[in-house]
Amino acid sequence: MKTYLFICMFIACLVMGCSEEGVGDKIDESPSLKADYTVLLHKDGHMKTALLNADSDGITINPGVGDFEMVPVPQQFYRNGNQMGFYSSKEDCSGNITVHDFSDGTTAQTTAFTEDLNCDRNVKSIAFSGNKALLAYVVPKDTKKDDYYLRILDLSEGSNSFEDVSLAKEPIQLLVSNNKAFVLCLDADITNKYSLMSINIDSGVLTHEVVLGTDVLKISKDGMGNILVSYPNLHNLIDGNTMILGVTTNYLLGKEPKFGYTKQEYLGEQTMYYPMESGSKSSYPHIAAVYDFKENMSILYIYENFLSLEERNLKYEIEDTTMVSYDAKNNLILIGYSKKGDSGKGGLMRIKPIPDPKFVDNINLDGIPMELFPN
């Protein structure tokens, strides 16, 4: 096991020059800035999409109707590449899992519960991979310990098959990697410690379990086959195959990257893009952050460093950062934000990252960005 000290880097955008329009210098070195995006928006308790076209002249909304139907915001959701999965309970307590592929417009759906319509059941987390959907849930008991399960469902058309795997501890979060389900569990009855279980999706067999200790915030994938375990003051990387602890990275006080607290994240090969709690670094609750696992360094893109007060308050009406993503084709960071007031409106801006950070362009949206999918 190796231990590293993490030093957060707060220099991004300090050299970002802005014109009176707030758009910075023209980016002549970019071939065209051409791209198409699908943005998942939250509006009045529902989810919908906006189709965007972008080039060197800016971003425009494509008026065409996408293949994603407007639906109520689900209780649980999970992203795997260009796919999003949603769990929503129904009035008869059966519940549905829907997986939508934003790259080809296809949708797969299955009923989560059919044999026992127990309305007290508490779904904690979902995940999916290939033709399998996974759902971790709790069945409360009045006189004894609650029952905990991982349900593995078949998403194949016409299939209603499933397998329930009994869990000894309360499931908190799921993720899938290399045909394995990784379940973050909490032993709330005895030790109050978290553990990480590895379960084979095909067989339902528990292959490994590792005790993680207390104060675990969440688990993620790092893009290199490792499971990232986040704590307030450090993170661990656990090998997804052997479940052996590889690297522990400790943070200096006040320099924590805080990606363990965010619900929205976009993962590159060795980077994570996410809205970070700003603390005293900005007047906005969250700012765009990029964490580099190779360098153990976090770069922050602070609005105050590349937009004037008038631009932030009047031109773009920024309230808070809700989404951060990355356009690999054009090497651009995309920042989604909510607008001030209760209008339910938001916006999306593109930023060129360090070493030559620049504001590129922006578009106003009828809804608050939740996720972005490059087309």
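A salt bridge is a side-chain nitrogen of Lys or Arg within 4 Å of a carboxyl oxygen of Asp or Glu. The model is predicted, so local features need pLDDT of at least 70 and side-chain atom pairs count only at pLDDT 80 or more, while totals for chains, interfaces and linings use all residues. Residues are numbered from 1 along each chain as its sequence is written, and side-chain values use heavy atoms, with hydrogens and water left out.

The whole structure holds 13 salt bridges. One of them pairs Arg79 with Glu371 at 2.8 Å, N to O. Arg79 lies in strand 6 (residues 76-80) and Glu371 in strand 30 (residues 368-374), so the bridge ties together parts 292 residues apart in sequence. Strands here are DSSP runs (E, at least two residues), numbered from the N terminus. Arg79 is buried, at 18% relative accessible area. Glu371 is buried too, at 5%. Buried means under 20% relative accessible area, exposed over 50%, and partly exposed in between (1.4 Å probe, protein chains only).

Lys218 and Glu265 form another salt bridge, with the closest N and O atoms 2.7 Å apart. Lys352 and Asp356 meet at 3.7 Å, N to O. Lys352 is buried at 14%, whereas Asp356 is partly exposed at 30%. A network of salt bridges links Lys43, Lys48, Lys345 and Asp366.

One disulfide is counted, a disulfide being a pair of cysteine sulfur atoms within 2.5 Å. Cys93 is joined to Cys119, S to S 1.6 Å. The torsion about the S-S bond is about 85 degrees, so the disulfide is right-handed. Cys93 is buried at 12%; Cys119 is exposed at 54%.

Terms used: Helices (H or I, at least four residues) and strands (E, at least two) are DSSP runs, numbered from the N terminus.
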